[in-house]
Amino acid sequence: MIQPVAVIGAGPFGLSTAAHLRARGIPVRVFGEPMVSWRGHMPDGMLLKSTPAASSIDAPQPGHTLADYCDAAGLRRLVTDEDIIPVETFIGYGEWFQQKLVPELERVRVVSVDRATGGSGFELKLDSGELFTARAVVVATGLSGLAHLPAELAAAAPDGPSPTGPLSHSSQHPDLGRFSGRELIVVGAGQSALETAVLAAEAGARVRVVARGRGRVAFGAPPWRQPRLRPESPFGRAWSLWAFSYYPHPYRYLPADLRHYLVRRVLGPLGAWWLRARFEGNVQVSEVERIVRAETAGDRTALTVRTHAGGGRELTADHVIAATGYRVDIAAMDFLGHELRTELAVSRGTPRLGAGYVSSVPGLYFTGLPAAASYGPVMRFVCGTEFASPRLAGHLAAAHGG
Ligand SMILES: Cc1cc2nc3c(=O)[nH]c(=O)nc-3n(C[C@H](O)[C@H](O)[C@H](O)COP(=O)(O)OP(=O)(O)OC[C@H]3O[C@@H](n4cnc5c(N)ncnc54)[C@H](O)[C@@H]3O)c2cc1C
């Protein structure tokens with residue numbers, strides 16, 4: 001019997017990779033909950049920061065863009081840079097893409113992946129109890145399990161972050177209505193922090209954003225103010241963005257320090273242009289030098305901060321949301337067997353990938369966020385599927401297709 005390829009993940013990257021493998025006639029089994037990061041871990045009412053041109057999931061055949069979905073669903077066509085995408089529309093698009101191109105998706109969790117005994121390939125265990133062998137594995141688990149909580153905040157949540165406790169992570173709030181009438185601190189300065197703050201304020205909370213660094217809370221320029229003399233990219237007009245978007249090939253040859261720095265900083269903390277008007281006047285801001293610690297004080301949570309003037313200050317609220325992002329760490333991908341994890345070449349917790357997104361373990365591939373340290377910041381976004389999926393599928397077909 002021909003062993004299938006296993007794709008673990010049914011977000012944009014897993015679905016796109018699976019569609020490309022299927023189009024090459026490679027048997028695949030695809031696992032995961034479709035679009036669960038978008039449905040379960042982002043707030044209702046959220047709008048995408050990426051433009052329609054940067055929000056299509058790459059497919060091997062035409063007819064599967066976001067605009068095609070709008071046509072099929074009878075929605076207004078979202079195409080220009082000024083069209084803003086509601087998260088509900090994007091979830092609908094992902095599910096439509098899955099039904100059309102990856103209909104055999106199995107809504108099952110992969111519990112473990114190990115090398116197959118006595119042969120090539122990998123043995124996978126599913127939470128249905130089934131064991132099977134795959135000739136290759138694509139890890140496309142995206143944001144799952146990688147929510148990052150800095151140590152100085154973690155101390156206020158000894159039992160872990162929770163929406164009902166003193167402190168939570170922004171990924172735990174599909175519904176911000178629970179904070180109506182309450183006082184809230186949101187830590188962070190990225191789009192997720194600023195949009196969480198706005199949505200909570202609009203739901204009736206009194207909200208303060210606490211951001212590290214002077215001038216850190218900022219918003220991008222609207223499309224009509226983008227500099228005309230720079231090349232266009234899905235993220236705006238700039239030479240650097242153009243290179244990262246269309247030429248990620250040489251990224252993995254840059255020095256490790258630079259690669260990791262760029263993944264954090266390029267397209268990093270900056271609110272979307274359309275959020276500014278809803279933010280200003282509705283959300284208070286404290287820009288501080290650093291957060292020293294967080295602790296509970298009765299039924300309040302207190303942040304001790306160091307101000308830019310050099311002094312200390314205490315900020316309190318009913319609840320603190322850490323919008324402190326995601327951090328790739330192979331150690332946190334506990335479905336990968338211990339032996340595989342120790343065998344993998346890593347750089348600061350992220351897998352080191354070669355051509356075609358293959359790791360140092362032949363047959364084991366990573367795409368999406370875990371590939372960003374090798375292929376650049378574009379891998380953190382949906383439009384990264386355009387570069388990643390055909391190349392990964394092409395490499396896998398050449399190495400394991402027969
Ligand atoms: C608040 C927020 C806003 C964002 N806005 C944008 C935006 O506007 N534009 C943009 O391009 N990007 C945006 N992003 C980034 C976006 O989330 C990622 O680009 C995208 O979701 C990554 O897709 P993925 O397929 O790699 O992973 P995910 O979408 O995270 O999907 C992970 C999949 O893996 C599955 N899975 C995990 N573990 C297992 C397991 N053990 N077994 C089986 N299945 C498993 C899950 O069920 C799920 O199907 C945003 C991120 C956040 C947090």
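How many of the twelve residues of helix 1 are buried? In this predicted model, the count is ten of the twelve, so helix 1 is largely enclosed by the rest of the structure.

**Helix 1.** Begin by selecting residues 12–23, the twelve residues of helix 1. The distance from the first C-alpha to the last is 17 Å, close to the 16 Å expected at 1.5 Å a residue. Next, display the side chains of the buried positions: Pro12, Phe13, Gly14, Leu15, Ser16, Thr17, Ala18, Ala19, His20 and Leu21.

**Beyond helix 1.** Proceed to Gly25, which follows helix 1 and has a positive phi, near 80°.

Select strand 2 and inspect the directions of its side chains. Val28 and Val30 point one way, while Arg29 and Phe31 point the other way; all of these residues are buried. In a regular strand, side chains alternate between the two faces of the sheet. For a point of reference, Ala6 stands opposite Arg29 in strand 2.

**A surface patch.** Finally, select Leu254, Leu258 and Tyr261, which make a nonpolar surface patch of about 240 Å². Leu258 is located in helix 8 (residues 256–265). With a relative accessible area of 35%, Leu258 is partly exposed, because that class lies between the 20% and 50% limits.

Key. Residues numbered from 1 in each chain as written. Predicted model: local features only at pLDDT ≥ 70, side-chain atom pairs only at ≥ 80, totals over all residues. Heavy atoms only, no water. Helix = DSSP H or I, 4+ residues; strand = E, 2+ residues; numbered from the N terminus. Expected span 1.5 Å × (residues − 1). Buried < 20%, exposed > 50% of the residue type's maximum accessible area, 1.4 Å probe, protein only. Patch = residues over 30% accessible without salt bridge, like charges linked within 9 Å, V, L, I, M, F, W, Y side chains within 5 Å. Areas by Shrake-Rupley, 256 points an atom, 1.4 Å probe, with all protein chains shown as cover. Salt bridge = Lys/Arg side-chain N within 4 Å of Asp/Glu carboxyl O. Pairing = 2+ DSSP bridges.
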